[in-house]
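Dear colleague,

I am passing on a structure that you have not worked with before. Please look through the sequence and the model below, and then read the notes that follow.

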2 protein chains.
Amino acid sequence: MLSIKGLVISDANLMPVLEEMGYRATAPRKAIAKLLEQKHDSFTVESLSEELPSVGRATVYRTIKLLLEVGAVCKLATIDGSQMYSLCRVGHHHHHSVCIQCGAVEEFRAAAVERLISALSAEIPGEVIDHRIELYVVCGFCPSDGGK
Amino acid sequence: MLSIKGLVISDANLMPVLEEMGYRATAPRKAIAKLLEQKHDSFTVESLSEELPSVGRATVYRTIKLLLEVGAVCKLATIDGSQMYSLCRVGHHHHHSVCIQCGAVEEFRAAAVERLISALSAEIPGEVIDHRIELYVVCGFCPSDGGK
DNA sequence: TAGGTACTGATACTAAGTATCATTAGATAC
DNA sequence: GTATCTAATGATACTTAGTATCAGTACCTA
């Protein structure tokens with residue numbers, strides 16, 4: 001469990017979120033939720049599906065799509081531009097740092113980011129609606145590339 | 001032609017870039033380069049391929065891949081997380097603002113962005129290697145959504 | 001203008017994700 | 001506890017994005 005500048009990032013509890021939205025608590029969804037809650041790194045839906053051979057591939061995709069809509073899972077871009085997913089432990093607007101070696105994802109919020117976006121809005125033609133920021137890091141548990 | 005804080009964004013000239021890298025100036029590459037140079041919005045390789053029926057689909061993909069490697073084209077994420085491409089008019093490190101209505105892409109550099117990244121580096125566990133910032137805007141030529 | 005080879009286009013393939021549809025299983029009512 | 005309605009499932013086929021293969025073509029240089 002990680003805290004940046006006073007923000008505590010708590011463990012996720014996915015099934016109740018889905019149930020509150022009116023979705024049924026089915027066995028496949030519970031299995032997916034349980035697996036996701038243990039994950040601290042980014043993943044692809046395909047890899048998730050392989051880890052859950054008892055659940056149909058289409059159901060894994062459907063459930064991840066639901067969790068995306070509900071805001072419990074985020075889609076993020078890796079350094080090479082491909083797509084990955086990650087569990088959102090904070091409910092509100094945030095950004096990600098992704099370890100380029102192990103795929104570990106941390107979420108962060110920083111007032112400075114939002115101030116920057118406001119400042120850029122003034123310089124950029126048109127109205128800024130949304131933004132996306134990803135930091136690519138070598139996390140504390142991975143060796144920074146000494147062989148290079 | 002656009003200028004943000006004194007940085008002039010010039011028109012691209014793709015074929016010479018490829019030739020300097022030792023790639024041959026073939027007819028299909030010239031056709032792709034010519035089409036791209038006229039584009040001011042983001043595009044998919046598939047759409048490009050449709051606009052160039054005389055060029056094989058594989059060749060369009062191969063050429064875009066080359067231009068990506070050379071840095072003449074960037075891959076960027078749309079607001080919904082899907083991938084698009086855009087011509088890079090500035091050679092060096094920059095970010096994009098993408099119009100969510102017409103797909104027009106503007107490039108920008110801002111010292112404030114790089115200062116922010118440095119500041120975040122200090123707060124975030126691990127070593128920051130790279131970053132990605134995309135702004136989603138409604139550009140000056142599109143009506144901001146009054147019907148909403 | 002001949003020749004080596006980088007490049008092309010057709011095709012088949014992989015990977016990521018969606019649509020369809022008959023069947024199954026949660027939730028609620030009885 | 002059982003019936004029932006309907007959301008959800010899984011199998012399958014499909015779409016979209018991108019890559020691999022390979023015989024044939026067309027650049028470039030000598």
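In these notes a residue counts as buried if 20 or more other C-beta atoms lie within 10 Å of its own, as exposed if 12 or fewer do, and as partly exposed in between, with C-beta atoms placed from the backbone. Please bear in mind that this is a predicted model, in which local features need pLDDT of at least 70 and side-chain atom pairs count only at pLDDT 80 or more, while totals for chains, interfaces and linings use all residues. Residues are numbered from 1 along each chain as its sequence is written, and chains are lettered from A and ligands numbered from 1 in the order in which they are written.

To begin with chain A, there are 5 helices and 7 strands, where helices (H or I, at least four residues) and strands (E, at least two) are DSSP runs numbered from the N terminus. The order of these elements from the N terminus is β-β-α-α-α-α-β-β-β-β-α-β, and 29% of the 148 residues of chain A count as buried.

In chain B, the 12 residues of helix H2(B) reach 17 Å from the first C-alpha to the last, close to the 16 Å expected at 1.5 Å a residue (1.5 Å times one less than the number of residues). Its buried residues are B:Arg29, B:Ile32, B:Ala33 and B:Leu36; because they cover an arc of only 100° around the axis, they lie on the same side of H2(B), the arc being that of the directions from the helix axis to the C-beta atoms. The exposed residues B:Ala27, B:Lys34 and B:Gln38 are carried on the face turned away from that buried side.

As for pairing, which requires that DSSP finds at least two bridges between two strands, strand S7 (residues 127-138) of chain A and strand S7 (residues 127-138) of chain B are joined in the antiparallel sense by 11 bridges. Within this pairing, A:Tyr136 has B:Asp130 as its bridge partner in S7(B). S7(B) also runs parallel to strand S5 (residues 95-99) of chain B, with 4 bridges between them, and B:Cys99 stands opposite B:Val137.

Finally, there are 22 residues around DNA strand C, of which A:Glu46, B:Tyr23, B:Pro28, B:Gly56 and B:Thr59 come nearest; a residue is near if its C-beta atom, placed from the backbone, lies within 6 Å. Helix H4(B) gives the most to this surface, with 4 residues.

With best wishes
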